[in-house]
Amino acid sequence: MAKAPAYFGFWYRLGTWLLKSTSWLVLFFLIMPILVIIPLSFNVEPFFSFTKGMLTFQPEAYSMRWYSAIFSDPKWVLAIKNSFFIGICATVIATALGTCAAVGLARDDMPARRLITALLLSPMIVPLIITAAGMFFFYSDLGLAGNYLGVILAHAALGTPFVIITVTATLAGFDYSLVRAGLNLGARPVRVFWDIIMPLIRPGVISGALFAFITSFDEVVVILFMAGPQQRTIPRQMFSGLREQINPSILAIATLLIILSIIMLVTIELLRRRSARLRGVEA
Amino acid sequence: MADPVGDKPFLQFTNVKKTYDHKSLVVKDFNLDVAKGEFITLLGPSGSGKTTCLMMLAGFEDVTSGEILINGRSVTSIAPYQRNIGMVFQQYALFPHMTLRENLAYPLKVRKMAKDEINAKVDEYLTLVELQAFGNRHPGQLSGGQRQRVALARALIFAPDIVLMDEPLGALDKKLREQMQFEIKRLHDQLGFTVIYVTHDQTEALTMSDRIAVFNNGIVQQCAAPHVLYERPANLFVADFIGESNKIMGTIAQVGDETVTVRLADGAEVSSLKANCTEIGAPTTISVRPEKLTFTDRLGGACNQIKARFVARHYVGEYIRYQFETADGSELVVKNLNDSSAPQFSAQEEVALAWLAQDSQALDRPAPQKTT
């Protein structure tokens, strides 16, 4: 943070100092719970606390046993497979639908734009437990509860708003004369979409897809309602792990998820920079 | 109004009307015949309907009623991507994610032309607009003038029947604009395409066009060659919109074959070319261009005269601009070449100004103009 200007009096200086320290405290409380998990996941004992050996950095106090425990337990392996399978399928559906919706909603001549946007974004705002309960009763009647299709559709519905938001953001300031130019040069509307609109909104589409994937990946409420034992995902398995056999394998999988999240965040950031660079050149 | 070349005009607007809200017409009964290879400009203030006409021709707007015909065939039911009409957009509309070569190749690619043929064409057109060295750059790395040239090349590369230009030079500065006017004219002469050009800049319209259609309030006020438009404006709007115009008020006293006699407020009688005001006793406005209005000693013999008081003399450079006021309070402007004989006057000095009948027009004085 910049040095306080010379004209700041005592109270201003105090205020600045308070602001700084509060900010650091907030950061600390946000990050510490996540960071503390990582060393604990290497605990050789089945405890959720630091042992003496860990605190004195004795190598024998650390081990990979919880990691191997995960990969040798068929329940966890199934959960990991399920999470990726459901996540990827839901992401594909959410991305396709969300992109189409965003492109359509960006048009000036779209009737009832606000109403439709509000409806499409509602899964983000309505408390998840309500959505989940509603989905459970509705999907049960259609025979979609307790199978992959139902879970995937439910997660796609939850992920779509994120795609709509990120794609809409990249479409803001989109120059529609480019579309007219494309048509004028002889390209059919579908071709114009793939050749001209898609490359320019791709960063939004990809970051929307990542958000949709993360939404599905750490979603537990809908899974609790909708999934049968065959569709258990990682969060669901962690949830039951907490209740039934409490041991640091939860911490190990959490550490893996943290690493995955970091990779995704970095990807999103790189994409954002790339699109900013493209736009910078454009200006 | 327009003289069709041959029996069937190449491009024809007949009774074209356009409304966006089903209440007011943006374009009211537009008729225009365009010959192949002609350079036609639609000129008018913003909101006069000229861009709408262009958009209807390109297929981006529906025609409310009437017909647009190319080679006698109606285009109203043809999709924009099938019309084969080139267009240069106001903000260039170059694809920012494609290089110049890719931009130019795009219309050929969608037409499924062979790769080496595309490459040859792209090379040819890059050379044509003198951008050979920039083929692999993105539009963002070019200056405004260069982008404009690319936009022009892209609109021409697929050899369209008609090229539309929607205020293509609006975003450029004055120097560059003049350069580009020249460039467009050069390409037009070289390649012989038909141009429909939209602008609100009258100088641009006068220097580039074969014919100009002057729009106001959705109606074509006059469609004629630049010199006709300037020297024989059909009505007061055209006289006012194209260039500067002195307006001298009077009433029609006599009507002849070619000329009319007009009685001015001070009782003096002057003669003027007959235009759209031919009823004896009708109020009329005589329009005289500032460079045609001069001092009595410069025009010997039979000429019209009006007395006015000297107000100001402005030094412009290539000419000197004199401002006078007549007895009824209206302002008169004289543009005199900046030569050694450009006179000096003292304040409030009464001067007799003169002009020739053939340099003036007696125009209908319209009811107070609505501004839209």
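Residues are numbered from 1 along each chain as its sequence is written, while chains are lettered from A and ligands numbered from 1 in the order in which they are written. Since the model is predicted, local features need pLDDT of at least 70 and side-chain atom pairs count only at pLDDT 80 or more, whereas totals for chains, interfaces and linings use all residues.

Two packed helices are described by the angle between their axes and the distance between the axes. In chain A, helix H4 (residues 74–105) packs against helix H7 (residues 148–171) at an angle of about 40°, and their axes are 6 Å apart. Helices (H or I, at least four residues) and strands (E, at least two) are DSSP runs numbered from the N terminus, and axes are lines fitted to C-alpha atoms, for helices over the stretch in contact, with angles running from 0 to 180 degrees between N-to-C directions. The angle makes H4(A) oblique to H7(A), given that angles under 35 degrees count as roughly parallel, over 145 as roughly antiparallel, 65 to 115 as roughly perpendicular and the rest as oblique. H4(A) passes H7(A) in a right-handed crossing; a crossing is left-handed if the near helix is turned anticlockwise from the far one by less than a right angle, and right-handed if clockwise. The residues of this contact of H4(A) with H7(A) comprise 18 nonpolar, eight polar and no charged, where Ala, Val, Leu, Ile, Met, Phe, Trp, Tyr, Cys and Pro count as nonpolar, Asp, Glu, Lys and Arg as charged, and the others, Gly among them, as polar.

H7(A) also meets helix H5 (residues 113–125) of chain A, the two axes coming within 8 Å and crossing at roughly 115°, and the crossing of H5(A) and H7(A) is left-handed. From H5(A), Leu120(A), Leu121(A), Pro123(A) and Met124(A) meet Ala157(A), Leu158(A), Thr160(A), Pro161(A) and Ile164(A) of H7(A); by class, this contact has eight nonpolar residues, one polar and no charged.

Between the chains, 20 residues of chain B are in contact with 18 residues of chain A, contact meaning that the C-beta atoms of two residues, placed from the backbone, lie within 7 Å. Strand S6 (85–88) and helix H2 (100–110) of chain B each supply at least two residues of the side of chain B that touches chain A, and the largest share of that side, three residues, comes from H2(B). By class, the side of chain B that touches chain A has 14 nonpolar, five polar and one charged residues.

Within chain B, the axes of H2(B) and helix H3 (residues 115–128) come within 9 Å and cross at roughly 130°, which makes H2(B) oblique to H3(B). The contact joins Arg101(B), Leu104(B), Ala105(B), Leu108(B) and Lys109(B) of H2(B) with Ile118(B), Lys121(B), Val122(B), Tyr125(B) and Leu126(B) of H3(B), and its residues divide into seven nonpolar, no polar and three charged.

Turning to the sheets, four strands of chain B form an open sheet in the order S2-S1-S4-S5, with antiparallel pairing, where two strands pair if DSSP finds at least two bridges between them. Strand S2 (25–34) and strand S5 (73–74) of chain B stand at the edges, each with a single partner strand, so one side of each is left without a neighbour in the sheet. Strand S1 (residues 11–19) of chain B pairs with S2(B) over six bridges, and the bridge partner of Gln12(B) in S2(B) is Asp33(B). Helix H1 (residues 50–58) of chain B lies across S1, S2 and strand S4 (65–70), running at about 65° to S2(B).

A second open sheet to consider in chain B has five strands in the order S15-S19-S16-S17-S18, and its pairing is antiparallel. Strand S16 (residues 304–315) and strand S17 (residues 319–326) of chain B are joined by seven bridges, with Phe310(B) opposite Phe324(B) in S17(B). S16(B) and S17(B) form a hairpin with three residues between them, and Gly317(B) in the turn has a positive phi of about 130°. Seven bridges also join S17(B) to S18(B), and in their hairpin, which has four residues between the strands, Gly329(B) takes a positive phi near 90°.
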